[in-house]
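Please look over the notes below with the model open. They go point by point.

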Amino acid sequence: MPHHQTALRLIAPVAALALTLTACGGGDTADAKSKGTAQAKTSPSPEPTSGGEMGTGESATGKVAEDPGEATYEVLAQKVEVGTEAEAAKAVSEPDKVKGKALAVAYVKYTHKSGPALTEGSDVHDGTTVFADGQRGTVLIGASEDAAGCEDPYDVESWKQGESHVFCETYVVPANAKSVEVHWSEEDGEPYIWKFPNG
């Protein structure tokens, strides 16, 4: 698949608003379930709940609908590297749009735990987003393909059980953010959240 090595561009976070509203919609229900009665605790729920804050080095496990079938992954946000305003200005075609902003590159390791071997790539990284101080950043297309230690997900065409790959996501975030978060979620699931201090 061709790579977008031409001028990098920012995508307006229109889809981000829908994702944020969807993610926030289930919060009260999840809190109510966690405070459930003794009767609810003795009755097994049909699906285990997902999402929540993760500790440093702690992995999440989730399922992703892939072609040729559903696969289970272990997901670990390894680190986030936050750059400078000058680096952000050099990375985009319209530097005035990133004044006061920096690039945040999230390194996420995905391990194929169970399910069929993949032969045409994976969608596991589609559930990953980067937030700064509680606000979703703006994705920067094509920036992380060249970052050291990052693999291009479109180059991974064969993926068997037990194999791991590190994919990176680059977002534009406020340069003075106190913390940066990596969110990953299954489709329609609550996000798992790893927090990293900035600076």
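1. Thr111 sits in strand E4 (residues 101-114). Strands here are DSSP runs of at least two residues, labelled E and numbered from the N terminus. The model is predicted: local features need pLDDT of at least 70, side-chain atom pairs count only at pLDDT 80 or more, and totals for chains, interfaces and linings use all residues. Residues are numbered from 1 along each chain as its sequence is written, and side-chain values use heavy atoms, with hydrogens and water left out.

2. Is Thr111 buried or exposed? Thr111 counts as buried because its relative accessibility is 10%; buried means under 20% relative accessible area (1.4 Å probe, protein chains only).

3. The Thr111 side chain makes a polar contact with the Ser164 side chain, at 2.6 Å. Such a contact is a pair of N or O atoms within 3.5 Å; within protein, one must be able to donate a hydrogen and the other to accept it, and residues adjacent in sequence count only if both atoms are side-chain atoms.

4. Strand E9 (residues 179-184) is largely enclosed by the rest of the structure, because 6 of its 6 residues are buried. Ser179, Glu181 and His183 cover one side, and Val180, Val182 and Trp184 the other.

5. E9 runs antiparallel to strand E5 (residues 128-132), joined by 5 bridges. Phe131 stands opposite Glu181. E9 also runs antiparallel to strand E10 (residues 192-197), with 6 bridges. There, Ile193 is the bridge partner of His183. Pairing requires at least two DSSP bridges between two strands.

6. Mean pLDDT (the predictor's confidence in each residue, from 0 to 100) is 80, and 74% of residues reach 70 or more.

Definitions and conventions:
Helices (H or I, at least four residues) and strands (E, at least two) are DSSP runs, numbered from the N terminus. Buried means under 20% relative accessible area, exposed over 50%, partly exposed in between (1.4 Å probe, protein chains only).
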